[in-house]
Amino acid sequence: MAQPGVISEYAERLARELDFDPSLARGVRREVEDHLWEAVSADPAGDRSDAEQRAVAKFGDPHAIAAQFAVVSVARQARTVSRAGIFVVAAVFMAMKARLGWYAVMEYPAPPSGALSAVVLSIDRGAFWVALLVAMVAWMYIGTRPIPSALTPDYRLQLRRFFRLCVAATGALLASVLCDGVLTSIRLAGTASFLEAVVPLASMAGEVVCAGGLLWSIRGMTRRTASASRAARMR
Amino acid sequence: MEGEMLKGHLDMIVLAALSAGPAHGYAVIEEIKRRSAGAFDLPEGTIYPVLHRLEQAGLLAGRWVTAESGRRRRVYSVTRRGERELGERRAVWEQFSVAIDSVFKGSRPWHNPA
């Protein structure tokens, strides 16, 4: 005889198996419960408890299903990070343009034309374009890889390559933001009022937050990938 | 039908089942069973990772709706990219099927000596 709550117990078990990706677990749980209740209402036999047991048995082993979801979760994470990379580089560019626009509007004196400024400016430009280029390569690379049905060695290799691209793009972006910081501090050195410096400082803070956010999302991706891989291996 | 053989073609089967129109997971499984006359009978849960994977790949689009029962339900439909992909896979499958047929026609049926 079936126990009451067979379906919710099963859905709960499956959600626990998917704990490496909480948002996926919530969505899948809702979807699976709907499926199982639909199966129960379509069951021709009169006994509801038996119908619930049959529906759960036909659905399959939650361990095996979660292992198949692991690769979906990893692919989703990677694609989200690749889009975030492009977005962050664009946001840093806009912050930089806003700062330069503010200098023009406020008629800031031209920056001192020292050797340090010139070197930092060229590093800044180079690092920024490297960050943009590598972020776009990473986005195209992971976006064009087919998502396999399991975490195959090939797909793991592709994920490692993608991770290296992300690290390279983030490193270049951090270098660019650092150079922006140096250039901004040189430019603001003679500023008389704090109000005049608010926009440049806010734009710098924005750049730092964006670059930090990208680092954070890469860290999140690697952690989730590791736990999803463990989940896939354990089953 | 052999489970492993079926798993290799599950993406194509799911896309084909959804080509008739948007459906939720349960309806997709029922459609696959109906079209295959019950020959394709996998554990039902196997379909969901496939649906999510195809959605992630941009071949399906999913959206939440409220069913008549009041439950929230995820409904999937084939995207344009999915239609193109299905067309390509169908063409490859037809070529493969014709080739296998030709090979089988040239062989003798196997008899159990026991």
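Q: How many helices and strands are there in chain B?
A: Chain B has 5 helices and 3 strands, counted as DSSP runs numbered from the N terminus (helices: H or I, at least four residues; strands: E, at least two). Read along the sequence, they go α-α-β-α-α-β-β-α. Bear in mind that this is a predicted model, where local features need pLDDT of at least 70 and side-chain atom pairs count only at pLDDT 80 or more, while totals for chains, interfaces and linings use all residues. Residues are numbered from 1 along each chain as its sequence is written, with chains lettered from A and ligands numbered from 1 in the order in which they are written.

Q: What makes chain A more spread out than a compact globule?
A: Start with its make-up: 7 helices and 0 strands. Its radius of gyration is 26 Å, well over the 18 Å that the globule rule gives for 235 residues, so chain A is more spread out than a compact globule. That radius is taken over C-alpha atoms, and the rule is 2.2 Å times the number of residues to the power 0.38. Along its principal axes, the C-alpha trace of chain A spans about 85 × 40 × 25 Å.

Q: Into which domains is chain A divided?
A: Domain 1 covers 6-60 and domain 2 covers 75-234, with bounds that come from an automatic or database domain assignment. Their C-alpha centres lie 42 Å apart.

Q: Which residues does S217(A) touch, not counting residues up to four places away in sequence?
A: They are V81(A) and A84(A); two residues are in contact if their C-beta atoms lie within 7 Å. V81(A) is 136 residues from S217(A) in sequence, yet 6.4 Å away in space, C-alpha to C-alpha.

Q: How do you know that the length of α2(A) agrees with what a helix should span?
A: At 1.5 Å a residue, its 21 residues should span 30 Å, and the end C-alpha atoms are 30 Å apart, so the two agree. The expected span is 1.5 Å times one less than the number of residues. The buried residues of this helix include L24(A), V28(A), E31(A) and H35(A). Those buried residues pack against α1 (6-17), α3 and α4 of chain A, as well as α3 (25-35), α4 (47-56) and β3 (72-78) of chain B.

Q: What does each chain put into the contact between them?
A: Chain A gives 21 residues and chain B gives 17 residues. On the side of chain A, the largest share, 9 residues, comes from α2(A). That side has 11 nonpolar, 4 polar and 6 charged residues. Here Ala, Val, Leu, Ile, Met, Phe, Trp, Tyr, Cys and Pro count as nonpolar, Asp, Glu, Lys and Arg as charged, and the others, Gly among them, as polar.

Q: Which members of the largest nonpolar core touch the most other members?
A: Of its 81 residues, those are A70(A), A131(A), L173(A) and V14(B). Such a core is a set of buried Ala, Val, Leu, Ile, Met, Phe, Trp, Tyr and Cys residues joined through C-beta atoms within 7 Å. The touches of L173(A) include V88(A), A131(A) and L214(A).

How values were computed
A residue is buried if 20 or more other C-beta atoms lie within 10 Å of its own, exposed if 12 or fewer, and partly exposed in between; C-beta atoms are placed from the backbone.
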